[in-house]
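Me: Please take a close look at one part of this model and walk me through it residue by residue. Give the cut-offs as you go.

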Amino acid sequence: MGRLRNPNGHRKIKIKKRSKDNNLQVTFSNGQNGLSKKASELFTLFAVEAALIIFSPGNKVFPFGHPSVDYVINSCLPGALPQTSSFMRVIKSNLTKKK
């Protein structure tokens with residue numbers, strides 16, 4: 001006898017932006033954790049070099065890379081990052097210029 005399927009499982013949900021700042025931050029935090037976990041699984045399963053850069057609603061930067069974000073960026077775009085500065089300093093300086 002086969003398994004009974006849940007009629008409520010895998011429903012399509014409507015995606016909309018959260019209106020309250022607190023809800024937005026909680027949703028971002030949960031999404032960022034899930035995205036980082038999936039990225040880590042991909043890095044491990046397929047032995048790939050990849051970088052994931054997430055910007056929060058509060059303009060904070062969350063880089064995640066394997067083996068590192070600096071290594072991935074420099075291997076894809078040679079000379080894109082100055083050799084003396086790290087990726088985080090470059091991103092933070094660009095964020096402050098936008099304000």
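Reply: Contact here means heavy atoms within 4.5 Å. The model is predicted, so local features need pLDDT of at least 70 and side-chain atom pairs count only at pLDDT 80 or more, while totals for chains, interfaces and linings use all residues. Residues are numbered from 1 along each chain as its sequence is written, and side-chain values use heavy atoms, with hydrogens and water left out.

The part to look at is Ser36, which sits in helix α1 (residues 21-46); helices (H or I, at least four residues) and strands (E, at least two) are DSSP runs numbered from the N terminus. Ser36 is buried because its relative accessibility is 16%, where buried means under 20% relative accessible area, exposed over 50%, and partly exposed in between (1.4 Å probe, protein chains only). Leaving out residues up to four places away in sequence, Ser36 touches Leu52, Ile54 and Phe64.

Leu42 also belongs to helix α1, but Leu42 is partly exposed, at 44% relative accessible area.

Apart from neighbours within four places in sequence, Ser56 contacts Phe28 and Phe62.

For helix α2 (residues 69-76), the buried residues are Val69, Val72 and Ile73. These residues lie on the same side of α2 because they cover an arc of only 95 degrees around the axis, the arc being that of the directions from the helix axis to the C-beta atoms.
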